[in-house]
Amino acid sequence: MKYAYYPGCSGHGTSVEYEVSTRAVCNALNMDLVEIEDWNCCGSTPAHSVSHELSGALAARNLMQAAKTGADCVISPCPSCSSNLKMARYRMQKPEFKAEVDELLDAPTPANAEGGADLLETYSVLQAIVENVGIENVASRVTYPLEGLKVVTYYGCLLSRPAHVAKFDDPENPVSLDNIMKALGAEVLPFSLKTECCGAAMGIPDVNIPGSLSGRILDTAKAVGAEAVVTACPLCHMNLDLRQRQAARISKKSFFGLPVFYYTQLLALAFGLPEKTMRLDKLAVNPYPLLDKVAARRKARVAAELDAMKAAGAAS
Amino acid sequence: MNITRLDKARDLKFKRQVEEESGQNLSACYQCGKCTAGCPGAQFYDRQVSQIMRAVQMGLKEEALKNRSLWLCLSCSTCSARCPNNIDVAAVMETLRMMARREGWVQDRPIESFWKAFLDTVHATGRSYELGVMADYMGRTLRGWGNLEIAPMALMKNKMPFIPSVIHGREEVARIFKRYAEKRS
């Protein structure tokens with residue numbers, strides 16, 4: 001299936017490993033991504049905090065560019081981008097709001113029969129994988145299972161909220177990432193803070209906000225026995241990984257030392273894709289000791305299976 | 001304790017305006033407090049969400065608009081997800097923030113400056129650019145030093161490129177901002 005792909009700005013900077021692994025995984029799952037030509041920033045939280053019309057116009061330009069690809073829908077790895085693009089389309093179903101946004105654009109958005117804007121719908125890459133590719137197809141592609149790696153899944157706020165716009169998974173207890181991780185052979189631990197905010201971009205004006213919120217998320221993850229955290233959001237990832245030492249200091253805990261993966265990195269790993277498609281070297285908290293453990297568990301499992309086969313052979 | 005004379009301070013036009021702009025029925029709020037109970041920002045707020053909702057219901061404009069909470073709201077929508085009366089509380093918070101800004105009552109300059117720095121970067125290049133946003137914000141406010149703590153790791157991992165990505169259509173994006181500024185003035 002062909003998708004108009006919106007990478008989002010952080011893919012060029014702080015979340016380059018997410019960008020690279022997303023493309024590799026989509027390719028492995030036969031998803032045909034066509035990058036939207038000359039896309040602009042969706043405006044993120046600053047735009048919708050200041051003006052819905054401004055936010056709508058920044059998103060609308062992207063959605064009009066997206067239509068040129070000939071794809072049926074837009075997908076983005078970033079929950080904030082996909083939420084903004086979705087929200088713009090949702091709000092612009094109202095002809096009055098469409099008119100306000102059109103005033104800011106070089107050319108007005110195309111209209112549908114009801115007078116609202118005729119724009120492509122946007123989904124998160126996660127939603128496209130779960131709903132269009134399907135968990136069974138993901139599972140069938142696994143060549144290196146994760147050997148019971150104990151993870152908690154952290155979704156953040158925007159993948160499933162606000163529910164009436166996101167229309168994906170459960171707003172407070174989503175399970176899509178859990179199902180993907182289980183398909184990869186990981187053990188997904190129950191986790192009460194799946195959608196509890198990490199502090200978003202508030203770290204720039206005040207490091208204490210993500211420091212204490214993310215500190216609590218990491219502390220709880222550790223307490224339930226997680227070996228790693230799995231995320232799907234560049235901003236959450238930054239707060240949990242790049243700011244992990246800061247979060248420990250601010251929340252008065254000792255350093256958690258919890259590797260934080262993008263789910264696409266673990267997909268690439270389990271699919272046996274080349275290391276350069278995962279960019280694990282980009283993670284702030286060193287994931288290699290943990291991945292060595294996974295490899296050791298695999299070796300032990302395979303050896304045990306071989307022994308069992310030999311024993312069965314000897315017995316017969 | 002603050003005493004408010006409702007016969008004098010009440011501004012019911014304000015309540016109607018909030019309802020109209022947010023598209024939410026504020027009368028549906030029966031003050032159960034679930035929004036406040038689940039709010040991850042509550043510990044940082046100077047006025048709780050449920051108190052702000054009550055202030056709007058009572059038509060107490062200043063109480064509803066003059067608080068830092070409107071800026072500290074993380075837009076996570078947990079309040080909206082949990083409201084038993086289906087009020088999109090986060091949308092009300094956003095509406096109030098915009099109204100407060102129009103009144104000139106910005107209660108948290110650093111956060112407002114961060115948003116401004118972010119949007120200025122998008123205005124200039126068509127995309128956001130992390131290092132540029134940081135530099136703009138710090139230059140503007142002389143704050144944000146706490147972020148230098150993560151700078152060595154970000155630079156070592158080459159996660160903050162020095163060269164911004166500038167799009168071909170940046171003039172087109174700049175025109176969006178220009179028209180927005182003109183429309184507002």
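Reply: Happy to! Please keep in mind that this is a predicted model. Let's start with the strands of chain A. Strand β1 (residues 2–5) of chain A lies alongside strand β3 (residues 73–76) of chain A, and the two pair in the parallel sense over 2 bridges. One place to look is A:Tyr5, whose bridge partner in β3(A) is A:Ile75.

Now for the helices. Helix α3 (residues 52–67) of chain A and helix α5 (residues 95–102) of chain A have axes that come within 9 Å and cross at roughly 75°. An angle from 65 to 115 degrees counts as roughly perpendicular, and α3(A) and α5(A) are therefore roughly perpendicular to each other. On the α3(A) side, A:Glu53, A:Gly56, A:Ala57 and A:Ala60 make the contact, while α5(A) brings A:Phe97, A:Glu100 and A:Val101. By type, the residues of this contact divide into 4 nonpolar, 1 polar and 2 charged.

Finally, the neighbouring chain: 47 residues from chain A and 47 residues from chain B take part in the contact between them. Among the elements of chain B that give two or more residues to its side are α8 (89–102), α9 (109–125) and α12 (170–184). That side of chain B divides into 24 nonpolar, 11 polar and 12 charged residues.

Notes. Residues numbered from 1 in each chain as written. Chains lettered and ligands numbered in written order. Predicted model: local features only at pLDDT ≥ 70, side-chain atom pairs only at ≥ 80, totals over all residues. Contact = placed C-beta atoms within 7 Å. Helix = DSSP H or I, 4+ residues; strand = E, 2+ residues; numbered from the N terminus. Nonpolar A, V, L, I, M, F, W, Y, C, P; charged D, E, K, R; others polar. Pairing = 2+ DSSP bridges. Axes fitted to C-alpha atoms, helices over the stretch in contact; angles between N-to-C directions. Parallel < 35°, antiparallel > 145°, perpendicular 65-115°, else oblique.
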